[in-house]
Amino acid sequence: MKKSRKTKKFFKNGSLHLMMMPALILLLIYNYIPLAGNIMAFQKFNPSKGFFHSKWVGLKNFQYVFHLPDIYQVIWNTFYIAILKIIMGIVIPVIVALLLNEIRKMKFKRTIQTMIYFPHFLSWVILAGVFVDVLSPSNGVIGKAFTALGLEPIFFLGDSKWFPYTMVLTDTWKEFGYGTIVYLAALTGIDPSLYEAAVMDGANRWKQTLHVTLPGILPIVMLMSILAMGNIFNAGFDQIFNMYSPQVYSTGDILDTLVYRIGMLDAQYGVATAIGLFKSVISFAMLGISYMVAYKYTDYRVF
């Protein structure tokens, strides 16, 4: 009886299952089947011999990785840039969402929203070219502004001291508008009667924001912060690859760009896979921890 009910339920939702099939097939092809390639991390991989005939070296690739002269600096760079992006990616969208919530003219509000959403849909290939020109110390707008003020222009993309912060700020500029969507949705869920009660108690707009709005969206802010822990080693390959150079490797080289150089340029496929696998294991562990913390403190469930 139970089996027949499950069968009927499956066929009843058959159209929904069919709609899911293309996405599931793409997920299987591009996300799950390539996981078999992780075996290269334990081989001296030779493309002509393939997975089954390449020499097995065990953990030697991992030993080689952790004896690279700059590996710990690269790990620190990845963590540092990623954590700054996470912090800015939460603080700035919350502030902008609060400001947008104060706009009463809907046409003006929608115009502003469209303008700040737009950069999210541009690729880093395009934006990198724009920022290279804008941040140029000799011909860029920023460089000329420094010169006009009597200051020495800063080479933001060529100075290792400034490069990480340039990556964080440019990434925040690109993504903060899109990041406000979640917080604007949270703001609509706040009970209007709370604002009415605050007004009756003599609270001005600042007091209302402090004592009603912020507490109202705090659970969502906590949830987004906790879930962001899973990206603690994702510093943004597309952005950094298109904007960095050898002169900023000391502070701008991250695990993903190191994998690219070792794997694609030096053809050390096993070593590159070992680095990628190390990063994936740490990210998976952090993602699991973040979901457990999210479930405990915000009652968030994946399933």
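This is a predicted model: local features need pLDDT of at least 70, side-chain atom pairs count only at pLDDT 80 or more; totals for chains, interfaces and linings use all residues.
## Pockets in the model

A pocket, as the word is used here, is an open set of points on a 1 Å grid over the protein atoms alone, with protein on both sides within 12 Å along at least five of seven lines, and its lining residues are those that have an atom within 4 Å of a point.

When the lining residues of the second largest pocket are sorted by class, 10 are nonpolar, 10 are polar and 2 are charged.

## The largest pocket

The largest pocket holds about 680 Å³ of space. It is lined by 27 residues, and those closest to its centre are Lys-85, Ile-86, Gly-89, Asp-171 and Asn-231. By class, the lining of the largest pocket divides into 15 nonpolar, 8 polar and 4 charged residues.

## Helix α9 against helix α7

Two packed helices are described by the angle between their axes and the distance between the axes. Helix α7 (residues 124-134) packs with helix α9 (residues 163-188) at an angle of about 125 degrees, and their axes are 12 Å apart.

On the α7 side, the residues in contact are Trp-124, Leu-127 and Phe-131, and they meet Thr-170, Asp-171, Trp-173 and Lys-174 in α9. Sorted by class, this contact of α7 with α9 has 4 nonpolar, 1 polar and 2 charged residues. Asp-171, which takes part in this contact, is also one of the residues closest to the centre of the largest pocket.

## Helix α9 against helix α11

The axes of α9 and α11 come within 9 Å and cross at roughly 140 degrees, and that angle makes α9 oblique to α11. The crossing in which α9 passes α11 is right-handed.

In this contact, Val-182, Tyr-183, Ala-186 and Leu-187 of α9 meet Thr-213, Ile-217, Ile-220, Val-221 and Met-224 of α11. By class, the contact of α9 with α11 has 8 nonpolar residues, 1 polar residue and no charged residues.

## Lys-144 and its surroundings

Lys-144 lies in helix α8 (residues 141-148). When residues up to four places away in sequence are not counted, Lys-144 touches Ser-138 and Asn-139. The C-alpha atom of Lys-144 is separated by 9.6 Å from that of Val-134, and these two residues are 10 residues apart along the chain.

Methods:
Residues are numbered from 1 along each chain as its sequence is written. Side-chain values use heavy atoms; hydrogens and water are left out. Axes are lines fitted to C-alpha atoms, for helices over the stretch in contact, and angles run from 0 to 180 degrees between N-to-C directions. Helices (H or I, at least four residues) and strands (E, at least two) are DSSP runs, numbered from the N terminus. Contact means heavy atoms within 4.5 Å. Ala, Val, Leu, Ile, Met, Phe, Trp, Tyr, Cys and Pro count as nonpolar, Asp, Glu, Lys and Arg as charged, and the others, Gly among them, as polar. On a 1 Å grid over the protein atoms alone, a cavity is a set of points where a 1.4 Å probe fits but cannot get out, and a pocket is an open set with protein on both sides within 12 Å along at least five of seven lines; lining residues have an atom within 4 Å of a point. Grid points are joined across faces, edges and corners, and a volume is the space filled by probe spheres set on the points. Angles under 35 degrees count as roughly parallel, over 145 as roughly antiparallel, 65 to 115 as roughly perpendicular and the rest as oblique. A crossing is left-handed if the near helix is turned anticlockwise from the far one by less than a right angle, and right-handed if clockwise.
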